[in-house]
Amino acid sequence: PATYADGCHQRFPDTAVPDCVYGDAQGARTVVLMGDSHAATWFPALEKLASQRGWRLVNLTKHGCPVAVARVWSEQLRRGYRECSQWRTAALARVAQEKPDLVVATSRTDYGVMKGTTRLDGPQSGAAPAAAAERTYRKLDSVAGDVLVLRDNPMRPDDPVECLARHLDDPASCTRPLADAVPVPDTARTAAMAAGVDYLD
């Protein structure tokens, strides 16, 4: 997405929320895209819609930082991801300032959540993000016309491009069952339904 090249998708050390508006900067309707790199994958489609329909598209995305207001562990930084919490606070304030017609939100659902200085594991880590997501969706819904939560993108344990490069004569060997690629249970759906916001698989 263009947001990587123009500095509008925030990297791990970034905590600021740049003023990144796409589509029609004077448009009567404002749409906010919020989330991590999985949200950023939706930017090209939303930018095309914004250009076609005259929307203001505000991009609020950051590497490894979920929408849900929860302190998370960063595998890349090997510590609690305080930059995510700082950025998310600023991003939520930006949404409240914008009062958008629509917030489109999505992020990975498998983040490790922190309690104090401890990283939660297993069932504890699964329940905490779902509760945090529900609270966050309610907060977004209180300042936006509508909130649309997208189901997390399918993920693979390996790189599909590398797999295909190794199996040029047998690409089918790189397939995986859908159940191995989508989060189960779908905590984003559970949280969206509980918060009373729209959800799209």
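Reply: Aspartate 198 belongs to strand 11, which comprises residues 198-200. The model is a predicted one. With a relative accessible area of 45%, aspartate 198 is classed as partly exposed, because that class lies between the 20% limit for buried residues and the 50% limit for exposed ones.

Other charged residues are paired. Side chains of opposite charge can pair when their charged atoms come close. In the whole structure, a search finds twelve salt bridges. One of them joins arginine 56 to glutamate 98, with 2.8 Å between the closest N and O atoms. Arginine 56 is part of strand 4 (residues 55-62) and glutamate 98 of helix 4 (residues 82-98), so this pair ties together parts that are 42 residues apart in sequence. Both partners are buried: arginine 56 has a relative accessible area of 14%, and glutamate 98 has one of 17%.

Glutamate 98 also forms a salt bridge with arginine 94, and here the closest N and O atoms are 3.0 Å apart. Arginine 94 and glutamate 98 are four residues apart in helix 4, so about one helical turn separates them. Arginine 94 is buried, as is glutamate 98. Asp19, Arg56, Arg94 and Glu98 are linked in a network of salt bridges.

A further salt bridge connects arginine 156 with aspartate 158, again with 3.0 Å between the closest N and O atoms. Here arginine 156 is partly exposed, at a relative accessible area of 27%, and aspartate 158 is partly exposed as well, at 24%.

Helix 3 (residues 43-53) shows how burial can be arranged around a helix. Its buried residues are Phe43, Leu46 and Ala50. They lie on the same side of helix 3, because they cover an arc of only 70 degrees around the axis. An α-helix has 3.6 residues a turn, so residues three or four places apart point the same way. On the face turned away from the buried side, helix 3 carries the exposed residues Lys48, Ser51 and Gln52.

Finally, alanine 179 is found in the loop between helix 6 (160-166) and helix 7 (187-195). Alanine 179 counts as exposed because its relative accessibility is 60%. The C-alpha atoms of alanine 179 and proline 154 are 9.4 Å apart, although 25 residues separate the two along the chain.

Conventions: Residues are numbered from 1 along each chain as its sequence is written. This is a predicted model: local features need pLDDT of at least 70, side-chain atom pairs count only at pLDDT 80 or more; totals for chains, interfaces and linings use all residues. Side-chain values use heavy atoms; hydrogens and water are left out. Helices (H or I, at least four residues) and strands (E, at least two) are DSSP runs, numbered from the N terminus. Buried means under 20% relative accessible area, exposed over 50%, partly exposed in between (1.4 Å probe, protein chains only). The arc is that of the directions from the helix axis to the C-beta atoms. A salt bridge is a side-chain nitrogen of Lys or Arg within 4 Å of a carboxyl oxygen of Asp or Glu.
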